[in-house]
Amino acid sequence: MAGEENFKEELRSQDTSRNLNQHEAAGHPHSWSLEMLLHRLRADHTKQDDKFANLLDAVGEFGTFQQRLVALTFIPSIMSAFFMFADYFVFTAQKPYCNTSWILAVGPNLSEAEQLNLTIPRAPNGSFLMCLMYLPVPWNLDSIIHFGLNDTDKCRDGWIYPDAKKRSLINEFDLVCGAETKKDTAHIMFMAGPLIGSLIFGLITDKIGRYPAILLSLLGLIIFGFGTAFVNSFHLYLLFRFGISQSVVGYAISSISLATEWLVGEHRAHAIILEHCFFAVGAMLLTGIAYSLPHWRLLFLVGGVLAVPLISYIWILPESPRWLMMKGKVKEAKQMLCYAASVNKKTIPSNLLDEVQLPRKKVTQASVLDFCKNRQLCKVILVMSCVWFTVSYTYFTLSLRMRELGVSVRFRHVVPSIMEVSARLCCIFLLQQIGRKWSLAVTLLQTIIWCLLLLFLSEGEDGFRLRRPRCPATERKSMTILMLTLGEFSLAATVTVFFLYTAELLPTVLRATGLGLVFLASAAGAILSLTIINQTPSLLPIFLCCVLAIMAFSLSFLLPETRDQPLFHSLEHSPQMRNKVKDMTTEDTSSDDMSSDDMSEEAAKNVVLNAQILRLDPYPVSKPALEQ
């Protein structure tokens with residue numbers, strides 16, 4: 001036994017010396033290995049502070065149950081994107097002409113070209129006028145051909161679309177000749193849905209639970225998505241789109257709340273990133289299906305059929321145990337945790353399970369007014385609302401600017417969606433290395449850069465020009481499209497970081513309500529963009545993007561970091577209090593300004609040395625090797 005102990009000690013000494021030499025080679029007390037070690041130590045310390053994190057660790061940090069929960073978010077995310085962007089494919093541009101079938105009564109054998117030539121006036125360039133027609137006269141065909149028609153009027157009997165290859169809302173409800181603004185009305189109506197839906201679903205999710213709210217939003221997707229295919233008027237179409245938009249925002253709020261409260265650490269970030277990646281996949285799926293279907297109603301029928309399997313979520317979706325505990329439903333919370341542990345083939349120690357107790361103070365009375373009463377929550381909501389307003393306004397402004405440049409709808413959805421997937425996957429690295437706060441700042445800084453470059457490339461329509469070297473129009477257009485695409489790339493990353501960051505900053509008892517409030521700001525930004533882009537010079541919307549992005553970038557530094565910090569459940573706790581240990585550590589390391597660099601180096605070595613020794617006990621040495 002003495003020989004075995006001596007051999008272990010020798011191996012410890014060798015391994016410790018090797019690690020110490022590696023650290024000395026780094027030559028800096030804040031080397032990469034030390035930072036990663038301290039990061040892991042902070043994560044372990046966080047788990048000790050968060051009783052629920054310990055429970056979830058016992059359940060299985062990312063076992064089969066959590067993997068299944070993350071996978072369940074994929075299909076609804078795809079369908080949310082499918083229904084959200086459907087408007088862009090059902091308003092296919094069509095060339096209309098007045099319906100002048102009255103002339104067929106006197107010339108039934110006229111071809112379509114002859115009919116247009118006799119009954120539709122021409123513009124000075126020789127093209128047919130789309131919104132005017134010659135008034136009917138009680139003449140025979142020979143008189144009409146010989147003398148011609150002179151009196152014109154607006155279309156009386158509707159329009160025809162001889163060049164139409166697909167049936168769209170344009171030729172279904174005659175959205176032409178002064179009715180084109182109804183197309184923008186549909187976009188504004190869709191974005192008005194979150195103005196109401198964000199508040200309704202935020203309150204519902206916090207009051208009755210994440211599980212019922214998700215089911216309600218999925219039911220809305222199925223009913224309103226499938227029902228849109230059977231509307232018989234444009235106003236009814238607007239009503240159904242309004243319902244779909246509320247369902248989309250309701251699912252986003254409730255699903256993010258559920259994933260945030262079931263997962264811990266980096267698994268939480270990865271789950272939200274994957275959910276957003278599948279949202280981009282849904283936009284690409286929509287593009288492929290829309291171009292293969294000849295009728296706009298078929299598009300919603302296909303979407304409705306694909307959404308029907310979501311009914312099965314009634315039996316397979318879990319409730320959040322954190323929410324159950326905060327509502328005093330301790331028995332249900334324990335049952336949910338035990339079920340998750342059984343799926344993961346784990347057993348929760350009884351002493352840990354007994355720690356699930358009723359909250360010390362009643363939190364069921366928490367309301368939206370607490371965001372005004374609580375100073376810290378008020379700051380979080382105001383800053384995040386500003387960020388979300390900026391992101392939404394900028395995204396829609398860039399998208400509409402790309403449409404103004406004549407970019408095809410296919411390119412506007414497929415290429416940005418592909419880039420959005422890569423942008424969101426890049427967030428994994430950013431969040432892991434620099435945390436939530438700095439990730440948000442970096443993505444907003446990128447957005448500022450692209451918006452400034454766009455402002456430099458933009459052409460004003462009111463005589464205002466930026467002083468810059470002249471370049472060919474085609475080259476300037478290509479550069480503008482590139483900047484717009486890169487801007488959407490940065491905004492996609494910003495949205496992903498924003499969702500995760502906001503969910504972690506808010507307490508469990510008001511998490512969904514807070515997300516609803518920032519969604520409210522998002523809808524306001526989108527509506528402002530849709531309103532201002534058609535009424536102002538092209539430079540002003542981009543200029544506002546720059547100003548808002550700089551403002552959001554500056555305000556983002558007011559928020560605390562949430563990486564490796566436990567979720568707080570009630571209004572008694574504050575994100576700033578969660579950083580108390582970290583701040584005290586920082587003060588301790590910075591207060592002794594008289595200490596030398598050698599002492600700092602020695603302290604860093606001791607941390608690494610102690611960690612390595614702890615990891616080496618017991619050391620896995622086989623008995624036959626010792627006997628030799």
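Which elements each supply at least two residues of the lining of the largest cavity? They are α5, α10, α12, α13 (265-290), α20, α21, α22 (473-505) and α23 (511-532). The views below start from that space. This is a predicted model, in which local features need pLDDT of at least 70 and side-chain atom pairs count only at pLDDT 80 or more, while totals for chains, interfaces and linings use all residues. Residues are numbered from 1 along each chain as its sequence is written, and side-chain values use heavy atoms, with hydrogens and water left out.

**View A. The largest cavity.**
The largest cavity has a volume of about 770 Å³. Of its 40 lining residues, M84, F85, F279, W388 and V495 are the closest to the centre. Helix α12 gives the largest share of the lining, 7 residues. By class, the lining has 25 nonpolar, 10 polar and 5 charged residues. In total, 4 cavities of 30 Å³ or more are counted. A cavity is a set of points on a 1 Å grid over the protein atoms alone where a 1.4 Å probe fits but cannot get out, and lining residues have an atom within 4 Å of a point. Points are joined across faces, edges and corners, and a volume is the space filled by probe spheres set on them. Nonpolar means Ala, Val, Leu, Ile, Met, Phe, Trp, Tyr, Cys and Pro; charged means Asp, Glu, Lys and Arg; the others, Gly among them, are polar.

**View B. The second largest cavity.**
About 90 Å³ of space lies here. The lining consists of M84, F85, D87, Y88, H187, F190, M191, F396 and L530. Elements α6 and α10 each give two or more of these residues. Helix α10 contributes the largest share, 3 residues. The lining divides into 7 nonpolar, 1 polar and 1 charged. M84 and F85 line this cavity and are also among the residues closest to the centre of the largest cavity.

**View C. The second largest pocket.**
The second largest pocket holds about 640 Å³ of space. Its lining has 34 residues, and F91, T92, A93, I170 and K183 are the closest to the centre. Two or more lining residues come from each of α6 (87-90), α10 (181-208), α14 (296-307) and α21 (409-457). The lining comprises 20 nonpolar, 7 polar and 7 charged residues. A pocket is an open set of points with protein on both sides within 12 Å along at least five of seven lines.

**View D. Helix α5 against helix α12.**
Helix α5 (residues 74-84) packs on helix α12 (residues 234-262) at about 150 degrees, with the axes 10 Å apart. That angle makes α5 roughly antiparallel (over 145 degrees) to α12. The crossing is left-handed: the near helix is turned anticlockwise from the far one by less than a right angle. P76, S77, S80, F83 and M84 of α5 meet R241, I244, V248 and Y251 of α12. The contact contains 6 nonpolar, 2 polar and 1 charged residues. M84 of α5 is part of this contact and lines the second largest cavity. Helices are DSSP runs (H or I, at least four residues), numbered from the N terminus. Axes are lines fitted to C-alpha atoms over the stretch in contact, and angles run from 0 to 180 degrees between N-to-C directions. Contact means heavy atoms within 4.5 Å.

**View E. Helix α20 against helix α24.**
The axes of α20 (residues 375-404) and α24 (residues 539-555) come within 9 Å and cross at roughly 155 degrees. The two helices are therefore roughly antiparallel. Helix α20 passes α24 in a left-handed crossing. From α20 come V383, C386, V387, F389, T390, Y393, T394, T397 and L398; from α24 come P541, I542, L544, C545, L548, A549, M551, A552 and L555. The contact has 15 nonpolar, 3 polar and no charged residues.

**View F. Helix α4 against helix α17.**
Helix α4 (residues 64-72) and helix α17 (residues 330-343) pack at about 100 degrees, their axes 7 Å apart. They are therefore roughly perpendicular (65 to 115 degrees) to each other. T64, F65 and R68 of α4 contact Y339, A340 and V343 of α17. By class, the contact has 4 nonpolar, 1 polar and 1 charged residues.

Conventions: Parallel < 35°, antiparallel > 145°, perpendicular 65-115°, else oblique.
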